[in-house]
Protein chains: 2
Amino acid sequence: MTRPSAYHHGDLRRALLDAAAEAIGESGPAALSLRDLARRAGVSHAAPAYHFGDKAGLLTALAAQGFDLLTRALRAAGDDLLEAGVAYVGFAVRHRAHFEVMFRPDLHRADDPELVAARARAGGVLRGGVARRTDRDPDADALAAWSIVHGFATLWLSGALPPRVGTDPEAAARAIAGRLFP
Amino acid sequence: MTRPSAYHHGDLRRALLDAAAEAIGESGPAALSLRDLARRAGVSHAAPAYHFGDKAGLLTALAAQGFDLLTRALRAAGDDLLEAGVAYVGFAVRHRAHFEVMFRPDLHRADDPELVAARARAGGVLRGGVARRTDRDPDADALAAWSIVHGFATLWLSGALPPRVGTDPEAAARAIAGRLFP
DNA sequence: ATTTTAACTTGCCATTGACAAGATGTGACC
DNA sequence: GGTCACATCTTGTCAATGGCAAGTTAAAAT
């Protein structure tokens, strides 16, 4: 049903975001080109500008989408703090492109209202899970928990980890996150 | 004494690396331009290619330099594991540009021999410090420790942390890293 | 049926990375 | 002292990119 006719693509905005996630997954955010996305979507090279203004605008939208995906992933993990941490890592691996853009402020507009809101929603879920679990200073515990899963996810994605860690990121994450709250 | 005469700059390679670190510190790696670096160093636009081949070559060299700086920073922190973690965060904040490039494989050539060697040296120091300290599985403990300080450093640099964390990254790092090995 | 408006296109320009070919000093060798 | 080889930088060029301006098309509103 997708109208291949150039004009009124129908869902170009989503198509471009999908293409961006795919392209970033292939070659990283540095190699991303708006014109390549336009080609993938079958539209002219200036079409993306209409929906996103410029490159930063597109990546801002992608980051916001990422935070909403993360929110859902954390909620789905339930009340268990450890499983939430595992879900965080799982999200990073499964939505690598989103994850990379979300925490790279030089690629997007960090003060964009929609992005700020989406980030706040995710942050709320994250800290809520910690507060339910710990009996000590919740802020510090939340930061420690966030740091360890975020750090592991980042290291995993960067390929800096030795092969000894294995091939299952979520299992490895469970092992190390369990060390924080034994 | 710095010869401003164009030809035979004298230390162009180092000058370009310095300029790159400065430029990345100002606007992030995404906005880095070889031609801008050349302008900063007062040479022609093609001069960088001689020393580094291409953009990835320059960033590979910067990453390798970063791992050596990290190695020195960790060694200087001494035998205490907690202080090594704090030093890791201090390095990331103080050498932000290096740190960002070091863990972004889409920006450099991860299999470059010099980079591989520099990374291995840093990894050796890192794991050595952990093995001296823990009595449990050293590999898993090393990974957990690395993850928590790396994650905190990354979050700090990304600006994603709430203001509540404060303005002193090393103090905050000490607080949360202490939770891993109480 | 006409007008308005949303969603694209075409055309253009400055900037960039990469490459090729040339210029210029520097030191080696005789 | 002269020449030669080489390392280091320059000039020139090209295709690709991001972003802007102006035009075009189709769908919706009146």
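This is a predicted model: local features need pLDDT of at least 70, side-chain atom pairs count only at pLDDT 80 or more; totals for chains, interfaces and linings use all residues.
Residues are numbered from 1 along each chain as its sequence is written, chains are lettered from A in the order in which they are written, and side-chain values use heavy atoms, with hydrogens and water left out.

Q: Why is the pair R40(A) and E26(A) called a salt bridge?
A: The term asks for a side-chain nitrogen of Lys or Arg within 4 Å of a carboxyl oxygen of Asp or Glu. Here the N to O distance is 3.0 Å, so the pair meets the rule. R40(A) sits in helix α2 (residues 34-41) and E26(A) in helix α1 (residues 12-27) of chain A, 14 residues apart; helices are DSSP runs of H or I with at least four residues, numbered from the N terminus.

Q: Why does R40(A) count as partly exposed, and what makes E26(A) exposed?
A: Buried means under 20% relative accessible area, exposed over 50%, and partly exposed in between, with a 1.4 Å probe and protein chains only. R40(A) has 35%, so it is partly exposed, whereas E26(A), at 52%, counts as exposed.

Q: Which residues are linked with R40(A) in a network of salt bridges?
A: The network joins R40(A) with E22(A), E26(A) and D36(A). Over all chains, the count comes to 24 salt bridges.

Q: What makes R109(B) and D54(B) a salt bridge, and how far apart are the closest N and O atoms?
A: Those atoms are 2.9 Å apart, so the distance falls inside the cut-off. R109(B) lies in the loop between α6 (96-102) and α7 (113-133) of chain B and D54(B) in the loop between α3 (47-52) and α4 (55-76), so the pair ties together parts that are 55 residues apart in sequence. With 36% relative accessibility, R109(B) is partly exposed; D54(B), at 35%, is partly exposed too.

Q: How do you know that R121(B) and D68(B) link distant parts of the chain?
A: Their salt bridge has its closest N and O atoms 3.0 Å apart. R121(B) belongs to helix α7 and D68(B) to helix α4 of chain B, 53 residues apart. R121(B) is partly exposed at 41%, and D68(B) is partly exposed at 30%.

Q: Which residues touch the most other members of the largest nonpolar core?
A: Y88(A), F103(A), Y88(B), F103(B) and F152(B) do, in a core of 120 residues. Such a core is a set of buried Ala, Val, Leu, Ile, Met, Phe, Trp, Tyr and Cys residues joined through side-chain atoms within 4.5 Å.

Q: What is F103(A) in contact with, leaving aside its neighbours within four places in sequence?
A: Contact means heavy atoms within 4.5 Å. The partners of F103(A) are F67(A), Y88(A), W146(A), H150(A), L155(B), S158(B) and A160(B).

How values were computed
Helices (H or I, at least four residues) and strands (E, at least two) are DSSP runs, numbered from the N terminus.
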